Amino acid sequence: MSETKAAIHSTEVGEAGARVVFLHGLFGQGRNFTQIAKALAPDFHSLLVDLPNHGRSQWTETFSYAETADRVAEHLAGSFAADGPVHVVGHSMGGKVAMLLALRHPELVERLVVVDISPAPSEGAGEFEHLLGSLATLELSGLARRSDADDALAEAIPDERVRGFLLQNLRSSSDGFAWQANLGLLRDELAAIGDFPHVDSTFDHPVLWMAGERSGYVTADAEQEMERLFPRTVQVTIKGAGHWVHSEKPEAFVSALRTFLGAG
């Protein structure tokens with residue numbers, strides 16, 4: 001029996017407090033923010049979203065940030081944000097979705113947090129092309145256990161943490177192993193995922209622009225565009241963090257969120 005995926009799958013953590021939505025990056029899932037959401041409770045009620053083509057959300061035939069943001073907006077408007085605007089936190093690709101969500105549907109967003117990404121074309125497409133290409137070489141029908149996939153990828157992707165992150169997208173069933181994420185589409189649409197559309201509107205609510213000190217995704221060249229789109233932006237750099245700010249420096253990440261989202 002095949003699994004029927006929800007248009008947008010999400011999971012709630014906590015039951016009370018200010019509402020905050022988390023949007024993950026490429027290859028990720030909403031559950032990547034579980035520990036962050038638990039650390040914010042009981043002061044914050046979190047929604048962990050699987051973006052389209054990831055986790056348990058539906059696959060699509062094409063990719064665009066505008067379409068993805070609109071899908072998330074529809075999901076929020078019918079449930080978590082039905083009673084009013086919510087805070088939105090987006091990392092990497094999810095940060096670009098979060099920016100488009102705020103710009104296209106400002107009535108849904110109270111405060112916005114953009115984590116280690118800019119409203120501009122992103123460098124690093126070659127790295128993601130390599131990762132997706134490596135995953136595509138796996139012969140899923142020949143896998144007896146998950147560790148077989150890890151062993152097969154060890155030479156092409158020597159970083160154990162990166163392999164573990166990628167292999168969270170591998171699911172087993174009675175029919176064998178299959179990719180939960182839509183890897184074919186994500187590989188075909190890497191250029192669009194790395195890009196950012198031109199937008200004429202602005203979002204006039206508080207925005208926290210968070211960068212990892214050791215990451216190159218937030219650049220001085222993007223500051224002018226960030227300020228044009230989000231005139232009430234405050235920029236913070238998390239010392240010692242790379243691109244994966246929330247997993248590398250969780251305490252500093254939670255502290256920054258609490259300070260910003262809890263401000264009057």
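Colleague: Which exposed residues does the face of α11 turned away from its buried side carry?
Modeller: This is a predicted model. Helix α11 covers residues 250-261, and F253, V254, A256, L257, F260 and L261 are buried in it. Seen down the axis, these buried residues fall within an arc of 160°, so they line one face of α11. The face turned away from that buried side carries the exposed residues E251 and T259.

Colleague: How far does α11 reach from its first C-alpha to its last?
Modeller: Helix α11 has 12 residues. At 1.5 Å a residue, the expected span is 16 Å. The reach from the first C-alpha to the last is close to that expectation, at 16 Å.

Colleague: Which residue lies over the face of F260?
Modeller: F260 is one of the buried residues of α11. Over the face of its ring, at 5.0 Å from the ring centre, lies R111.

Colleague: How many aromatic pairs does a search of the whole structure find, and is the pair of F22 and F33 stacked or edge-to-face?
Modeller: The search finds 6 aromatic pairs. The rings of F22 and F33 have their centres 4.9 Å apart. Planes under 30 degrees apart count as stacked, and the planes here stand at 25°, so the answer for F22 and F33 is stacked.

Colleague: How many residues apart are F22 and F33, and are they buried or exposed?
Modeller: F22 counts as buried because its relative accessibility is 0%, and F33 counts as buried at 1%. F22 is in strand β2, while F33 is in the loop between β2 and α1. The pair links distant parts of the chain, and the separation is 11 residues.

Colleague: What is the angle between the planes of F165 and W244, and how many residues apart are they?
Modeller: F165 and W244 form a tilted aromatic pair, 4.9 Å centre to centre, with 55° between the planes. F165 is in helix α6, and W244 is in the loop between β9 and α10. W244 counts as partly exposed, at 28% relative accessibility.

Colleague: What separates the C-alpha atoms of E223 and A120?
Modeller: E223 is found in helix α9 and is partly exposed, with a relative accessible area of 31%. Leaving aside neighbours within four places in sequence, E223 is in contact with W209 and Q235. E223 and A120 are 103 residues apart along the chain, and their C-alpha atoms are separated by 9.9 Å.

Note on methods:
Residues numbered from 1 in each chain as written. Predicted model: local features only at pLDDT ≥ 70, side-chain atom pairs only at ≥ 80, totals over all residues. Heavy atoms only, no water. Helix = DSSP H or I, 4+ residues; strand = E, 2+ residues; numbered from the N terminus. Expected span 1.5 Å × (residues − 1). Buried < 20%, exposed > 50% of the residue type's maximum accessible area, 1.4 Å probe, protein only. Arc of directions from axis to C-beta. Phe/Tyr/Trp six-rings, centres within 6.5 Å; stacked < 30°, edge-to-face > 60°. Lys NZ or Arg CZ within 6 Å of the ring centre and 35° of its normal. Contact = heavy atoms within 4.5 Å.
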